[in-house]
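Open your viewer and get ready to click through a short tour. Each stop tells you what to select and what you will find there.

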There are 2 protein chains.
Amino acid sequence: MGRIGKHSFTLERRPRIISSASYVGDKEGKGPLGHCFDKICKDDTLGLPSWEQAESRMFESSVRVALAKIHAQSSDLSCLMGGDLLNQIISAGFAAREIRSPFIGLYGACSTMSEGIMVGSMLVDGGYMDLVACAASSHFSSAERQYRYPLEMGVQATPTCQRTVTGAGCVLIKDPENLNGEYPFNSIELIGGTVGSVEDFGITDANNMGAAMAPAAAETICTHFRDFSTSPANYDRIITGDLGSFGSEMLYELCRGQGYDIKSKHDDCGKLMFSEEQNVHCGGSGCGCAATVLAGHILPKIESGEYKKILFLATGAMLSPVSSLQGESIPAIAHALVIKHVEEI
Amino acid sequence: MGRIGKHSFTLERRPRIISSASYVGDKEGKGPLGHCFDKICKDDTLGLPSWEQAESRMFESSVRVALAKIHAQSSDLSCLMGGDLLNQIISAGFAAREIRSPFIGLYGACSTMSEGIMVGSMLVDGGYMDLVACAASSHFSSAERQYRYPLEMGVQATPTCQRTVTGAGCVLIKDPENLNGEYPFNSIELIGGTVGSVEDFGITDANNMGAAMAPAAAETICTHFRDFSTSPANYDRIITGDLGSFGSEMLYELCRGQGYDIKSKHDDCGKLMFSEEQNVHCGGSGCGCAATVLAGHILPKIESGEYKKILFLATGAMLSPVSSLQGESIPAIAHALVIKHVEEI
């Protein structure tokens, strides 16, 4: 059986990640990872009447590009699963209308990419699905006006704030017993993971998401090590979604309190996405941050063998503007996946 | 393997539904199903400062009551999965914070109860989880002000509109090889289902959700019959979530167009929830409608053997107020589950 510990699972047939795609905005394209992404848009409306429609188009496009790389079409998909930050996940929902495959809508805020791959990998491993697309998106302009202020107001950013990444990322998970020919990735397997629970340390500052999400990341990481009786030494990298620089420091402290020193192994997609010169304060955030960095930057390093085994966990803050206005603190969640380079036999 | 046709799956180990709970508002409690529900609130704020907090409390309570019926606690859960209609699924997310089990957040609008049981049943069947709680909620007052108008405005309802149900429902799915003693339900098994895709017939009237959702329900029902080479004759009932009276008529037409006459087998939770005297126009709607009717009314009939086999499919409209204001039509989705009375050997 695929259960381990209280919160974790193993994938005995080891589903493969065979393709990915990423589509980012102009600012992301000018960052240190700009060369990794499949598509970069100069105009973040993509010529459409609204940012929301542009985000949905980026979501759809990331799925279509990932499929094109394996010479497949959307009708070959067993399922599309994913979500985004917008109310009622309209980016994902409207993209699913165009793609027309079976669809499972998720909401995990910025943890969505981990959540989708986690659920998708179990459904493939269990034999219920053959080819699953997992995708997530976010868009600076659609998120900012939904969560904070209209862009036209020009509100000043706080030192702890992060910039929502404009981008969409997709990965394709395939039944390892139905591999058929060469793919963009031929050496990436999913072997297990840990399902996160909602943690809340009472942070109420919606401009300090890193601090709100760090406890959830720490809890999932430490639970993972305990469930699998393992330690940071057994992973090449431990990569979080978008804790940013402030949240990352808090994560090290919290893990150290449970006996694990992860600092030397840790990367954060939010820190990798932008350079200091880009003036984004604590880094990137949003579902699209972890999704595009995984698709464009991390997976190629696993394929090449530069990383033999990583723990990937996107982190999400489960607040809404309504809950914040009603005085609630910010609950958060993180789901962890073990992604491995396939070893030669 | 558990795949069948393009969109469907079978559950070879047949996970069990062992418990359920339902919590509804005053108006629902006065309807024809009032006697079926576990808890009925007189004051739809539950004495809390906001309707949103009341909805989250109802969600949490439905999970705790379902667990109490099997003398279990939230720490016994492998996972809680579910969602609601509110932005960023705050009802489910904040309930998950209190319950503290692993959590998978879903967004399928009013299809969420089907979606949760579908994913949960595969994760249990595949051996990744032992005991999963699937829950969904909605609340008339929190939904109305989010999707339509402030209640204080007293806007007149249109003839095709439906009333969002105030309620939360939960079912517990259990690994059939780990059954241990007597449960509230000892004879209900999940044997398969069909994953829905997003359908859109171009309906733009947010007061006519039934018409927007009927095409998705028809597509999933007909795909289900084709994938399993079966027909309506093999089911005691085919039960949709909240098409209401107008959407149900449209469903019969659409299924007839594909060669299936389902009218004599069909029930709709939205039609069952309220009586005509309650003046709710086309019936109930909302995630909580299908969730509470399944938990309180349908499952006991399967347990008793009155229904030997049903097809249950909650239906969701994947719109947001923003997408409607931007002129988008209303995409919809429906996921189907085959729920069966366990036959004596």
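How many bridges join E5(B) to strand E6 (residues 103–105) of chain B? Three, and these two strands run parallel. This is a predicted model, in which local features need pLDDT of at least 70 and side-chain atom pairs count only at pLDDT 80 or more, while totals for chains, interfaces and linings use all residues. Residues are numbered from 1 along each chain as its sequence is written, chains are lettered from A and ligands numbered from 1 in the order in which they are written, and side-chain values use heavy atoms, with hydrogens and water left out.

**Stop 1: strand E5 of chain B**

Select residues 79–84 of chain B, which make up strand E5. Helices (H or I, at least four residues) and strands (E, at least two) are DSSP runs, numbered from the N terminus. Six of the six residues of E5(B) are buried, where buried means under 20% relative accessible area, exposed over 50%, and partly exposed in between (1.4 Å probe, protein chains only). Colour Cys79(B), Met81(B) and Gly83(B) to see one covered side, then Leu80(B), Gly82(B) and Asp84(B) for the other.

In E6(B), Gly82(B) is partnered by Gly105(B). Follow the chain from E5(B) through H3(B) to E6(B) and you trace a right-handed β-α-β crossover: with the strands pointing away from the viewer, the path from the first strand over the helix to the second runs clockwise.

**Stop 2: salt bridges**

The whole structure holds 42 salt bridges over all chains, each a side-chain nitrogen of Lys or Arg within 4 Å of a carboxyl oxygen of Asp or Glu. Select Lys340(A) and Glu189(A), whose salt bridge spans 3.5 Å from N to O. Lys340(A) is in strand E15 (residues 332–341) and Glu189(A) in strand E10 (residues 188–194) of chain A, so the pair ties together parts 151 residues apart in sequence. Lys340(A) is buried at 10% relative accessible area, and Glu189(A) is buried at 6%.

Next, pick Arg97(B) and Glu328(A), with their closest N and O atoms 3.2 Å apart in a salt bridge. Arg97(B) sits in helix H3 (residues 90–99) of chain B and Glu328(A) in the loop between helix H10 (321–325) and E15 of chain A, so this pair joins two chains.

Then select Asp175(B) and Arg13(B), a salt bridge of 3.0 Å from N to O. Asp175(B) is buried at 0% relative accessibility, whereas Arg13(B) is partly exposed at 21%.

**Stop 3**

Is Arg100(A) buried or partly exposed? At 47% relative accessibility, Arg100(A) is partly exposed. Its phi is positive, about 65°, although Arg100(A) is not a glycine. Asn279(A), also not a glycine, has a positive phi near 55° and is exposed at 56% relative accessibility.

Technical notes: Two strands pair if DSSP finds at least two bridges between them.
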